[in-house]
Amino acid sequence: MGNSKAYPVLRTDDASTAYTQARRLCALLEQEDEVWLTAELRTAGEVRRMAALLPGVTFEHSATRTDPVTGRSAGFDLDVTTADDAALEAHLPLGVMEEVAPGSVVTRFATSLGRGAAAIEWHGRWPDEPAADHYGSPPYDGVQVVFHGDRAQQGRWTEAHTVFVHVTKFGDLPRARKLAAQIGGEVLGEPQLGW
């Protein structure tokens, strides 16, 4: 099966601009099949905001923790709706990953993020353009905005926010360039390993 090729097409210090431009690219998708949200939560307040936004979401430790008694990997099992800040802070940072319906809570998610790394992925299908030899390639096509990062796969934390277009596993630089131009951007370097 393989992974998509992810081309960075915009990098900015303004999270709102990154989100807005990613949404403009999403409007070019022929279809939008699924949306994935991921975030690293660094404060008790961020955890509570996420719990309110995504009821029932599963919180995980961002880094592997070991139970001192059993020596096994320790999971996160606090009820974030009743735990006090001190109890939550002992487990930070926490992470979430959730699939949501397109258009449901995505904008609220983007505006409720803190300083931790986060991403929104819109999986879909680019329209066929036979004259340009471009063909849609689900499940590879889509748009991704990475907040506080410059890698399509989890990477180091940065101040910048990056927008990616995802295309076929074989890559399609001409299509990536064309999509980048739609938002006044350009392809910023080599393709990365996508989803």
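I began with Arg 23, which counts as partly exposed because its relative accessibility is 32%. The model I am reading is a predicted one, and I keep that in mind for each entry below.

Next I looked up the partner of Arg 23, and found a salt bridge with Glu 32 in which the closest N and O atoms are 3.9 Å apart. Glu 32 has a relative accessibility of 25%, so Glu 32 also counts as partly exposed.

For the buried residues of α1 I listed Ala 18, Tyr 19, Gln 21, Ala 22, Leu 25 and Cys 26.

Going back to charged pairs, I noted that the structure holds 9 salt bridges. One of them joins the side chains of Asp 128 and Arg 125, with an N to O distance of 3.2 Å. Here I compared the accessibilities with the cut-offs: Arg 125 is at 16%, and because buried means under 20%, Arg 125 counts as buried, while Asp 128, at 36%, counts as partly exposed.

I also looked up Glu 129, whose side chain meets that of Lys 178 in a salt bridge at 2.3 Å, N to O. This pair links distant parts of the chain, since Glu 129 lies in the loop between β5 (118-125) and β6 (142-147), whereas Lys 178 belongs to helix α5 (residues 173-182), and the two are 49 residues apart. Glu 129 counts as partly exposed at 23% relative accessibility, and Lys 178 is likewise partly exposed, with a relative accessible area of 40%.

I picked out Phe 59 and, leaving aside its neighbours within four places in sequence, found it in contact with Leu 41, Val 47, Met 50, Ala 51, Phe 76, Val 80, Leu 94, Gly 95 and Val 96. As background I wrote down that, in soluble globular proteins, nonpolar side chains tend to be buried together.

Key. Residues are numbered from 1 along each chain as its sequence is written. This is a predicted model: local features need pLDDT of at least 70, side-chain atom pairs count only at pLDDT 80 or more; totals for chains, interfaces and linings use all residues. Side-chain values use heavy atoms; hydrogens and water are left out. Buried means under 20% relative accessible area, exposed over 50%, partly exposed in between (1.4 Å probe, protein chains only). Helices (H or I, at least four residues) and strands (E, at least two) are DSSP runs, numbered from the N terminus. A salt bridge is a side-chain nitrogen of Lys or Arg within 4 Å of a carboxyl oxygen of Asp or Glu. Contact means heavy atoms within 4.5 Å.
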